[in-house]
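Thanks for coming. I will go through one structure today, and I will keep it short.

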2 protein chains.
Amino acid sequence: MARRSDHTREELWRLAIDASKKIVEIEGLRGLRARQIARDIGYTIGTLYNLFDDLDDLIMHMNGETLDQLMEECSKVELTQDPNMDLERLVHCYLNFTHENAKLWNAVFEHKLPEGRPVPDWFSDKVSRLLHLIECALAPILTGRSDAEIHQHARILWMSLFGMTVLEGSGRLQEGETSLTLARTLIKTYVHGLQREP
Amino acid sequence: MARRSDHTREELWRLAIDASKKIVEIEGLRGLRARQIARDIGYTIGTLYNLFDDLDDLIMHMNGETLDQLMEECSKVELTQDPNMDLERLVHCYLNFTHENAKLWNAVFEHKLPEGRPVPDWFSDKVSRLLHLIECALAPILTGRSDAEIHQHARILWMSLFGMTVLEGSGRLQEGETSLTLARTLIKTYVHGLQREP
DNA sequence: TAAATAAATTGATCGCCGATCAATTTCAAG
DNA sequence: CTTGAAATTGATCGGCGATCAATTTATTTA
């Protein structure tokens, strides 16, 4: 049997990714099994491997969609040219998302491609687009500085936020501590440092 | 055969952990197999499972030793009461270590315990001790502020640095970018922000 | 319409993996 | 010398990711 008219290739792709997300949302990335995905969408393993190179490939696409979702949320933030407020809002949005989609967000950085297999360009691009949001919010504070400098500060903030969500996701925050309050303090202090600096 | 006098339980434990480190250093955490460890130390799987609960347990202990090593290195840094210099040195030490032990360091955060299995206290304690180093370096700048506040800033810096090494480890830094230069800028800007703040 | 072609789907199969456990062997205490 | 406790083995289990020849279906061609 082949080319059953139940679903197009695209529909099948959607079914598989959605099923994967559901599993990860409940059991985490560790609980994701090719056999389970196939069972959930009513096809067999073979079909799954006709859609994706392997599990790593499937996971990359799933994670890619998570980045897309995050981008979509953060894009809603309207920039006011006031870096303090803009960054505050962006961070709020970012952390809101990583909270509400904790398991999926964890999957984004928990997953590692095998040794020697490069991150696909389309994936890196999604990250770059998120970074660009921070750059835009940060720009007004850094007039007169090189693009490279702006870019660097944006990346520093991005990585720092990232570290917080990682540690929060692995349950290593302390009692009474939320990544939101930590991130707020980070942004506030960092921006302060930028403003007063030559 | 049992209780062969070749090795004490402690020696065996060392052999297993060391063999694991060697494998991870070459192949990364993904390449770590119980069977390989057993083979490398000249025992069978059964013996390995007599020493450790399971692979997760073994990995936690291996990662624990990595934290110990990092702590040992960072402890060598003598504090001068000049936060800028002290932090600079600490960061230098930290990043030196994570560079030279990249794969092992990656293993520390790549590894995740299964759903619902808490991080052992002895492991969290090791992290706390590292954090305390940063607190001490940071303290002179924050005279008059509460311990909680000092603690928070220390944790923010720790998490930020962490985020950088994570992204560096997964090959997501850009060309010409090193976590050392990024971290330097982070510390400089953040400390600046702290100093000028009311 | 019929035959040929291309694509999708299956499921048996392979070689691994982590983990378990009854049987066996060794050591140390009595 | 006997006995019991601890260590060690290796066969075994269930499950995994991945592969692929065989089969089925849809589309294209004649």
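How many salt bridges does the rule find across the interface of chain A and chain B? There are 6 salt bridges across it. Keep in mind that this is a predicted model. One salt bridge that I can name joins the side chains of E110(A) and K112(B), at 3.4 Å from N to O.

Now the rest of that interface. On chain A, 46 residues are in contact with 46 residues of chain B. Between them the two chains bury about 4000 Å², and 59% of that is on carbon and sulfur atoms.

Next, how the copies are arranged. Chain A is superposed on chain B by a rotation of 180 degrees, with 0.0 Å of shift along the axis and an RMSD of 0.1 Å. The two copies are therefore related as by a two-fold rotation axis. Of the interface residues of chain A, 100% are also interface residues in chain B, so the copies meet through the same surface.

Last, the largest pocket. Its space comes to about 960 Å³. What lines it? The lining has 22 residues, and those nearest the centre of the pocket are L29(A), R30(A), E110(A), R30(B) and E110(B). As for helices, α4 (55-75) of chain A and α4 (55-75) of chain B each supply at least two residues of the lining.

That is what I have for today.

How values were computed. Residues numbered from 1 in each chain as written. Chains lettered and ligands numbered in written order. Predicted model: local features only at pLDDT ≥ 70, side-chain atom pairs only at ≥ 80, totals over all residues. Heavy atoms only, no water. Least-squares fit on C-alpha atoms with pLDDT ≥ 70 in both. Contact = heavy atoms within 4.5 Å. 1 Å grid on protein atoms, 1.4 Å probe; cavity = no way out; pocket = protein on both sides within 12 Å on 5 of 7 lines; lining within 4 Å. Points joined across faces, edges and corners; volume = space filled by probe spheres on them. Helix = DSSP H or I, 4+ residues; strand = E, 2+ residues; numbered from the N terminus. Buried area = accessible area lost by both parts, 1.4 Å probe. Salt bridge = Lys/Arg side-chain N within 4 Å of Asp/Glu carboxyl O.
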